Amino acid sequence: AKTHKSAEIARRQIAAGAVGVCCAKLGEAEALAANGVGDILITSPVVPAQAVRRLAALAGRTRSLAVVVDHPDNLDHIAAAGAALDVLVDVDTGSHRTGVTSPVAAVALA
């Protein structure tokens, strides 16, 4: 859903067999969830405290919510918010925007 940003298309993708859809930002995930999309992965770290609180609230409105993290502090803040969601390690594959930059850092964060 990162490209089309359409709840209707996302629902059709899931109906056709997709296990869920990806969003780049929390706001996109909130909009999709508000329109009946229940399985979402947010592919950018959600870091500010207010956004982490929104993430925790969103987790209660979806069937399956996942987010990426690239720093232990971010993981701690998400855990403290009490969100029931899946967490994946964000790995920098060369874009140098987000993600851990080494296998050692990925294993340590995991």
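Searching the whole structure turns up five salt bridges, where a salt bridge is a side-chain nitrogen of Lys or Arg within 4 Å of a carboxyl oxygen of Asp or Glu. Before I go through some of them, please keep in mind that this is a predicted model, in which local features need pLDDT of at least 70 and side-chain atom pairs count only at pLDDT 80 or more, while totals for chains, interfaces and linings use all residues. Residues are numbered from 1 along each chain as its sequence is written, and side-chain values use heavy atoms, with hydrogens and water left out.

One of these salt bridges brings together the side chains of Glu-28 and Lys-5, at 3.5 Å from N to O. Because Glu-28 sits in helix α2 (residues 26-34) and Lys-5 in the segment before α1 (7-15), this pair ties together parts that are 23 residues apart in sequence. Helices here are DSSP runs of H or I with at least four residues, strands are runs of E with at least two, and both are numbered from the N terminus. Glu-28 is buried, at a relative accessible area of 18%; buried means under 20%, exposed over 50%, and partly exposed in between, using a 1.4 Å probe and protein chains only.

Next comes Asp-39, whose salt bridge with Arg-63 has its closest N and O atoms 2.6 Å apart. This pair links distant parts of the chain, with Asp-39 in strand β2 (residues 39-42) and Arg-63 in the loop between α3 (49-59) and β3, 24 residues apart. Asp-39 is buried at 11% relative accessibility, whereas Arg-63 is exposed at 65%.

Within helix α1, Glu-8 and Arg-12 lie four residues apart, about one turn of the helix, and their side chains form a salt bridge of 2.8 Å, N to O. Glu-8 is partly exposed, at 35% relative accessibility, and Arg-12 is exposed, at 58%. Together with Arg-11, these two residues are linked in a network of salt bridges.

Turning to the layout, the protein chain has five helices and four strands, and from the N terminus on they run α-β-α-β-α-β-α-β-α. Strands β3 (residues 64-69) and β4 (residues 86-89) run parallel and are joined by four bridges, with Val-68 standing opposite Leu-88 in β4; strands count as paired if DSSP finds at least two bridges between them.
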